[in-house]
Amino acid sequence: MTQISRGDLRLARNIAEATEAELAANSALRRAFYEVAAGSIGGWRTDGAVYGWRFGQSEVRVSITDELGRIDINFASTDLLTDLFEAAGARYPEALAEAVDAFRKQRRAQTLRAGVSPSADILTELGLGVPFTSTEDLQNVAGISQALVQRLRPSITVYSGRALPVIAAAPPLVRAAVNAADISTSAMPNTYLEVPAEGLTEAPTLLSAPPGPGTRGSGVYRIQAEALTAGGSHFAREAVVALRSKRQKVPYDVRLWRRGARLHFPHSQ
């Protein structure tokens, strides 16, 4: 008879906990999909407010932000990129912006040399439809470090298709870059509501929110969903979705789906 060691049992429990956390996070993300798609008055905020509830034995937390408030690194002008790099505290911001623009021109030249229409599906397969297919691609530009990309991550996108961000939905760093607010005053903390974890139910509860009235977004959203199991396993899912007509069977398109960073649960939990 094969004996099962304590190590085997511990491994099995860890796998089960990790699976439970991923299932809970994915379920919370899909709940957020339909909340933003419903678009009802008094519905969920899309300004980074955090919602929490119980899912089985896990606690989940979800936030939604308007993607059009970010700066699109494929379409932003060199002047705006310079201001963004400067607001982020980068050295030689103008030189970095010029390097980004040179990279974009090089990639677009490759598209033309490919001899296919810019709207052809093959461009997506070749990665030539746009200069940057993800914000992490910014690290391919000479002089831009991984640390700088991490600082910029909450403020940049490749999904808006706009030269300018929507200021009403912009995060603090973007607002500073466009001189809508000074970075020292725009980085206002969220207002935290006293809702202990043991007080959560299966109904979503607003846990924290930026000061001011709730806002509704423009139709392209980034959703961060996290789950923490009773045993301490954590999983985060990040997605970008674009709303479609409510007549569609699935009222949204998924532009990004990946494992996310731990943002809504302190590491001590």
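**Whole chain**

I'm working from a predicted model, so I keep that in mind throughout. I looked up the secondary structure and found seven helices and nine strands. Next I checked burial: of the 269 residues in the chain, 42% are buried. I also looked at how far apart in sequence the contacting residues are. Taking contacts with a separation of 6 or more, 63% are between residues 24 or more positions apart.

**Serine 63**

I found serine 63 in strand E2, which covers residues 58-66. Is serine 63 buried or exposed? It counts as buried, because its relative accessibility is 8% and the cut-off for buried is under 20%. What does its side chain make a polar contact with? I traced that to the side chain of histidine 264, at 2.8 Å. His264 also turns up in the contact list of serine 63, once I set aside neighbours within four places in sequence.

**Valine 149**

My second stop was helix H5, residues 146-152, where valine 149 sits. Valine 149 has a relative accessibility of 2%, so I put it down as buried too. Which residues does it touch, not counting those up to four places away in sequence? I wrote down Thr135, Leu138, Gln139 and Ile144. I then checked the spacing to threonine 135, which is 14 residues apart from valine 149 along the chain. Their C-alpha atoms are separated by 7.8 Å.

Definitions and conventions. Residues numbered from 1 in each chain as written. Predicted model: local features only at pLDDT ≥ 70, side-chain atom pairs only at ≥ 80, totals over all residues. Heavy atoms only, no water. Helix = DSSP H or I, 4+ residues; strand = E, 2+ residues; numbered from the N terminus. Buried < 20%, exposed > 50% of the residue type's maximum accessible area, 1.4 Å probe, protein only. Contact = heavy atoms within 4.5 Å. Polar contact = N/O pair within 3.5 Å; in protein donor to acceptor, adjacent residues only side chain to side chain.
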